[in-house]
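Here is a short report on the architecture of a predicted model. Please read it alongside the sequence and coordinates shown next.

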Amino acid sequence: MPHLTIEHSANLADKSDLDALCKRLRDVMLETGVFPYGGIRVRCVSCAHVAIADDHPDNAFAALLIRMGAGRSDDTKHEAGAAIMAAAEAHFAPLLADGYFMLSLDIVENNPALSWKTNTVHARLKQESAA
Amino acid sequence: MPHLTIEHSANLADKSDLDALCKRLRDVMLETGVFPYGGIRVRCVSCAHVAIADDHPDNAFAALLIRMGAGRSDDTKHEAGAAIMAAAEAHFAPLLADGYFMLSLDIVENNPALSWKTNTVHARLKQESAA
Amino acid sequence: MPHLTIEHSANLADKSDLDALCKRLRDVMLETGVFPYGGIRVRCVSCAHVAIADDHPDNAFAALLIRMGAGRSDDTKHEAGAAIMAAAEAHFAPLLADGYFMLSLDIVENNPALSWKTNTVHARLKQESAA
């Protein structure tokens, strides 16, 4: 049940291909082997009203937050996070070449005692791959 | 001070009545007896850019996150969460009948030492019910 | 790497200047001395679909959530939060005079073992202040 939410300043949509970002990070999450394919949900949340550091009009940010199921080791989570961050840095390389961009990633684990999920994609993917 | 935020893929607005969802979950939160009426804030956050599992165009998700005040027992929180999840499953029953939907609910507790609130609705409701 | 996200009901944009709110809270975060200038990211997330308490059409909310780096003392975090909440209350004083508004602030610390950041604003600001 991995969730990756990317909060970003609205101006980022003019500077970067956000659909490509979502798909690339989905692919990397899959490649880590940590996250089940049928549960990956990457999405962007655009923020129209912002105040970023010195308010330079070129200032932009992308704040990635992964919310994942409990049970993986710290090493596993750290490796997965590092791979996702590296992919985000590669995607945003043109922006990171200038002095106006803030990229971050944080991982939060769900409390398994207070977590529910109903997912019909897993079964469909399994059926399709068996067909 | 219960918060329920529902992040969802933008396409869910075409598949489901999101105002009805908010109202239904607000009602269920009230019915649990756990959450004070005047503090319930249910809201949806629509995500236009997404990558969900295999990118099937029908893929959609609703990710519910409750942020609540500390102090309830684990049992109380679990019962409340189960009731809210059951109501969400009922609302989304048509989508759960197919292989393209991911529904989830997580509960997070606030740290009471780092939590502030100023709410003018409680007093108004009390006044109105006394009138 | 402080993040301040303000989820709010969409109707708040008609009742309050959200750009001014973001800038004011950015300034207060800076004044606390707790948050590095070049890392401050304040943003609003507007929520079109909501259910707030009794559904009175004037009901509105602003839910502030700070996500900050680990390492400050509890006292320091509490003082910073209290200052930010006071500034938010001052900004929203007209709304707090009536019975239709919910304001809240919560602070969450990042897990330093699962936190990454790449920020090109710090270096630019340093360079500019040295020029």
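## A sheet built from three chains

Six strands form an open sheet with mixed pairing, in the order β6(A)-β5(B)-β4(B)-β1(B)-β2(B)-β3(C). Strands are DSSP E runs of at least two residues, helices are H or I runs of at least four, and both are numbered from the N terminus. Two strands pair if DSSP finds at least two bridges between them. The edges are β6 (115-119) of chain A and β3 (50-52) of chain C. Each edge strand has a single partner strand, so one side of each is left without a neighbour in the sheet. From one strand to the next, the twist averages 15°.

Inside the sheet, β4(B) and β5(B) run parallel and share 9 bridges. Within this pair, B:Ile66 stands opposite B:Ile107 of β5(B). Helix α2 (residues 18-32) of chain B packs on the sheet. This helix touches β1 and β2 of chain B together with β3 of chain C. Its direction makes about 145° with that of β2(B). Such angles run from 0 to 180 degrees between N-to-C directions, with axes as lines fitted to C-alpha atoms, for helices over the stretch in contact.

## Basis of the model

This is a predicted model, in which local features need pLDDT of at least 70 and side-chain atom pairs count only at pLDDT 80 or more, while totals for chains, interfaces and linings use all residues. Residues are numbered from 1 along each chain as its sequence is written, and chains are lettered from A and ligands numbered from 1 in the order in which they are written.

## Strand pairing across chains

Strands also meet across chain boundaries. Strand β2 (residues 41-47) of chain A runs antiparallel to β3(B), joined by 3 bridges. There, A:Val42 stands opposite B:Ala51.

Strand β6 (residues 115-119) of chain B is antiparallel to β5(C), with 5 bridges between them. The bridge partner of B:Thr118 in β5(C) is C:Leu103.

## Symmetry

The superposition is by least squares on the C-alpha atoms of residues with pLDDT of at least 70 in both copies. The copies use different surfaces: 3% of the contact residues of chain B recur in chain A.

Chain C is laid on chain B by a turn of 120° and a shift of 0.0 Å along the axis, with an RMSD of 0.0 Å. Of the residues of chain C, C:Val45 comes closest to the axis, at 4.4 Å (C-alpha). Here too the copies use different surfaces, as 3% of the contact residues of chain C recur in chain B.

## Interfaces

The contact between chains B and A takes 31 residues from each of them. Two residues are in contact if their C-beta atoms, placed from the backbone, lie within 7 Å. On the chain B side, β1 (3-9), β2 (41-47), β3 (50-52), β4 (60-68), α3 (74-91) and β5 (101-109) each supply at least two residues. The largest share, 7 residues, comes from β5(B). By class, this side has 17 nonpolar, 7 polar and 7 charged residues. Ala, Val, Leu, Ile, Met, Phe, Trp, Tyr, Cys and Pro count as nonpolar, Asp, Glu, Lys and Arg as charged, and the others, Gly among them, as polar.

Between chains C and B, 31 residues of chain C are in contact with 31 residues of chain B. On the chain C side, β5(C) gives the most, with 7 residues. That side has 17 nonpolar, 7 polar and 7 charged residues.

## Chain A and its helix pair

Chain A has 5 helices and 6 strands. From the N terminus on, its elements run β-α-α-β-β-β-α-α-β-β-α. The C-alpha trace of chain A spans about 50 × 35 × 25 Å along its principal axes.

Helices α2 (residues 18-31) and α3 (residues 74-91) of chain A pack at an angle of about 150°, with axes 9 Å apart. That makes α2(A) roughly antiparallel to α3(A) (the term covers angles over 145 degrees). The contact draws on A:Leu21, A:Arg24, A:Leu25, A:Val28 and A:Met29 of α2(A). From α3(A) come A:Ala83, A:Ile84, A:Ala87, A:Ala88 and A:His91. By class, this contact has 8 nonpolar, 1 polar and 1 charged residues.

Methods. Parallel < 35°, antiparallel > 145°, perpendicular 65-115°, else oblique.
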